[in-house]
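Here is a short briefing on charged and aromatic side chains. Look at the sequence and the model, then read on.

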Amino acid sequence: MLPLRSVLLTSLLGLCVCQYYDYDYPAPEPYASESVTNCLQECYCPLPSAMYCDNRNLKYVPVIPTGIKYLYLQNNLIEEIKAGVFDNVTDMRWLVLDNNNITSDKIQAGTIDKLTSLEKLFFSNNKLTKPPGPLSKSLNEIRLNGNQLNSFPPNTLSGMENLTMVYLAKNQLTTESVGGAFKGLKSLLLVDVSENKLKKLPAGVPPSLLMLYADNNEIESIPAAYLAKLPVLQYLRVSHNKLVDSGIPAGVFNVSSLLELDLSFNKLKAIPEINEALEHLYLQVNEIDKFDLPNICKFTSPVNYSKLKTLRLDGNKITHGNMPDDTSNCLRVASEIIFE
């Protein structure tokens, strides 16, 4: 049997084969419920432990019957979570509330905070201004994309030793509001803070991190030792920001763990120094006007060459004609080099 971390890594890497991806809702595995529940009339229960109340135009969360472990309430008109609705299912594992109209002040005490066994909380595309809580220490995934979050207290995720994925994209978070939010999360593999108001990459992310997405922010620079503190980071996306050459210290991206680096849609004038192990480099729509081959390959030989498979340079000020003579030896495994 594979270790749990290997299983998680395999699953996560399956999401990263493309430059960007969408996700589907997980489906519960068969669960032997201790008691067969009576499914609510407005819902569908393919398993005794799973209840699908999605796409029903519900305006409220119904009182959930005993035995439900997996509850799907996405794509409704819910504005409020009233006290008592989860009293029969405090051992619930998955709660999906995406695409509703829930505001932070309409989540009453004694609701989500009672779900002490919760593993997945999907709360994207609502009207939250702060994260719900207190949250279960059992969580392994939380999705709060597309809300109106402008604060994220440092203790929101504290003590969550199983947490592997945090999605906070499309909110109003600043560098200060996420400072310390991820500190001490020893199992964390993925953080998505895209489409916020960050001026810097989030501080305090743990060394376990594999994927960091910070596209569409206001980031102008990368701290010199930032990636050195993330020894297993494989995917870094900082596209659609305000990066300039002076904000990228020499060698900051020259780390052997990195497989994909997205710096597209910034203000770079030179190709930054990368490690030969990098496989995908996205630099489209910058201001690059020369092909700096030494920043891709320090030197070439039969056993020393770049592992780049994808190199995008379209939307810059260079063409194929700017490539040095030795480029083919350096980029011998590249299958996609795009200039226009």
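Where is the place of Asp 314? Asp 314 lies in the loop between strand S13 (310–312) and helix H2 (327–330). Keep in mind that the model is predicted. The points below start with this residue, then turn to charges and rings.

**Asp 314**
- Asp 314 has a relative accessible area of 12%. The cut-off for buried is under 20%, so Asp 314 counts as buried.
- Asp 314 touches Gln 284, Val 285, Ile 338, Phe 339 and Glu 340, leaving aside residues up to four places away in sequence.

**Salt bridges**
- Side chains of opposite charge can pair when their charged atoms come close.
- A search of the whole structure finds eleven salt bridges.
- One of them joins Glu 141 and Lys 120, with the closest N and O atoms 2.9 Å apart. This pair links distant parts of the chain: Glu 141 is in strand S6 (residues 141–143) and Lys 120 is in strand S5 (residues 120–122), 21 residues apart. Both Glu 141 and Lys 120 are buried.
- Glu 141 also forms a salt bridge with Arg 143, and here the closest N and O atoms are 2.4 Å apart. Arg 143 is buried, like Glu 141.
- Is Asp 292 buried or exposed? Asp 292 is buried, because its relative accessible area is 14%. Lys 290 is partly exposed, with a relative accessible area of 46%.

**Aromatic pairs**
- A pair of aromatic rings is described by the distance of the centres and the angle of the planes.
- The structure holds four aromatic pairs.
- Among them is the tilted pair of Tyr 44 and Tyr 52, at 6.4 Å centre to centre and 45 degrees between the planes.
- Tyr 70 and Trp 94 form an edge-to-face pair, at 4.7 Å centre to centre and 75 degrees between the planes. This pair links distant parts of the chain: Tyr 70 is in strand S3 (residues 70–72) and Trp 94 is in strand S4 (residues 94–96), 24 residues apart. Tyr 70 and Trp 94 are both buried.
- Ring pairs link Tyr 44, Tyr 52 and Tyr 72 into a cluster.

**Charges over rings**
- The charged end of Arg 237 sits over the ring of Tyr 213, 4.3 Å from the ring centre.

How values were computed:
Residues numbered from 1 in each chain as written. Predicted model: local features only at pLDDT ≥ 70, side-chain atom pairs only at ≥ 80, totals over all residues. Heavy atoms only, no water. Salt bridge = Lys/Arg side-chain N within 4 Å of Asp/Glu carboxyl O. Helix = DSSP H or I, 4+ residues; strand = E, 2+ residues; numbered from the N terminus. Buried < 20%, exposed > 50% of the residue type's maximum accessible area, 1.4 Å probe, protein only. Contact = heavy atoms within 4.5 Å. Phe/Tyr/Trp six-rings, centres within 6.5 Å; stacked < 30°, edge-to-face > 60°. Lys NZ or Arg CZ within 6 Å of the ring centre and 35° of its normal.
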